[in-house]
Amino acid sequence: MSDATVENTVGPTVDKGRRTWIAITCGAGAVGGAAVAVPFVSTFAPSERARAAGAPVQVDISAMQPGEKITVEWRGKPVWIIRRTPEQLATLAKVEGELADPKSDRKAYPTPAYAKNQHRSIKPEFFVGVGICSHLGCSPSDKFQAGPQPSLPDNWAGGFLCPCHGSTFDLAGRVFKNKPAPDNLEVPPHMYLSDTTLLIGEDKKA
């Protein structure tokens, strides 16, 4: 066989192999680029860690009726939003003599300045509080109905009862005297973006 014959036989095979390797290399590059792009694009969305660290939570309260309570999560904590009735608001002044910290002066859970009032809120009608007892971290139960009930005094005006150790709180989250809980319920930073939209976790405009 002549040299020319060898060249004509091998030449096309080399070219075909070269094209195959180029195609494989390009394909691998495309896959690698996609793999890099996916994590990059995912950084545009807030991560679970960012939300747990305290990203503000926006809440629509337009449908809430007087006497209704809803719970949202902020920083891994349950935050209660309660639309109090006029009758419930009237009880806040009546129970002040029975409370351990009626003016929210204690420092363990500092109360924002805009909530250092009798109703502990920006708008008297709405209470915003963290639903965790200041004793050992249990979640108090709703006891909105007034009157004698198990584990509650006969003159109960409505509020919350911690099922773990019996601490009681009024409808502004203020703890009653001689209870295991050392402080009132925490009031988180919050503000109103409109009459019907509440933002929990920020209070720059408050």
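## Basis of the model

Because the model is predicted, local features need pLDDT of at least 70 and side-chain atom pairs count only at pLDDT 80 or more, whereas totals for chains, interfaces and linings use all residues. Residues are numbered from 1 along each chain as its sequence is written, and side-chain values use heavy atoms, with hydrogens and water left out.

## The disulfide

When a disulfide is taken as a pair of cysteine sulfur atoms within 2.5 Å, the count comes to 1 disulfide. The bond joins cysteine 138 to cysteine 164, with an S to S distance of 2.0 Å, and the link of cysteine 138 and cysteine 164 is left-handed, with -100 degrees about the S-S bond. Cysteine 138 lies in the loop between β4 (126–130) and β5 (141–143), and cysteine 164 in the loop between β6 (159–161) and β7 (168–169), so the pair ties together parts that are 26 residues apart in sequence. Helices (H or I, at least four residues) and strands (E, at least two) are DSSP runs, numbered from the N terminus.

Cysteine 138 counts as buried at 18% relative accessibility, while cysteine 164 is partly exposed at 39%. Here buried means under 20% relative accessible area, exposed over 50%, and partly exposed in between, with a 1.4 Å probe and protein chains only.

Cysteine 133 is in no disulfide, and the nearest cysteine sulfur to it, that of cysteine 162, is 3.9 Å away. Cysteine 162 is likewise in no disulfide. Cysteine 133 is buried, with a relative accessible area of 3%, and cysteine 162 also counts as buried, at 3%.

## Tryptophan 156

Tryptophan 156 and aspartate 170 are 14 residues apart in sequence and 9.2 Å apart in space, C-alpha to C-alpha.

## Threonine 111

Leaving aside residues up to four places away in sequence, threonine 111 touches Ser104, Lys116, Arg120 and Val187. With arginine 120 there is a side chain to side chain polar contact of 3.0 Å; a polar contact is a pair of N or O atoms within 3.5 Å, where within protein one must be able to donate a hydrogen and the other to accept it, and residues adjacent in sequence count only if both atoms are side-chain atoms.

Notes: Contact means heavy atoms within 4.5 Å.
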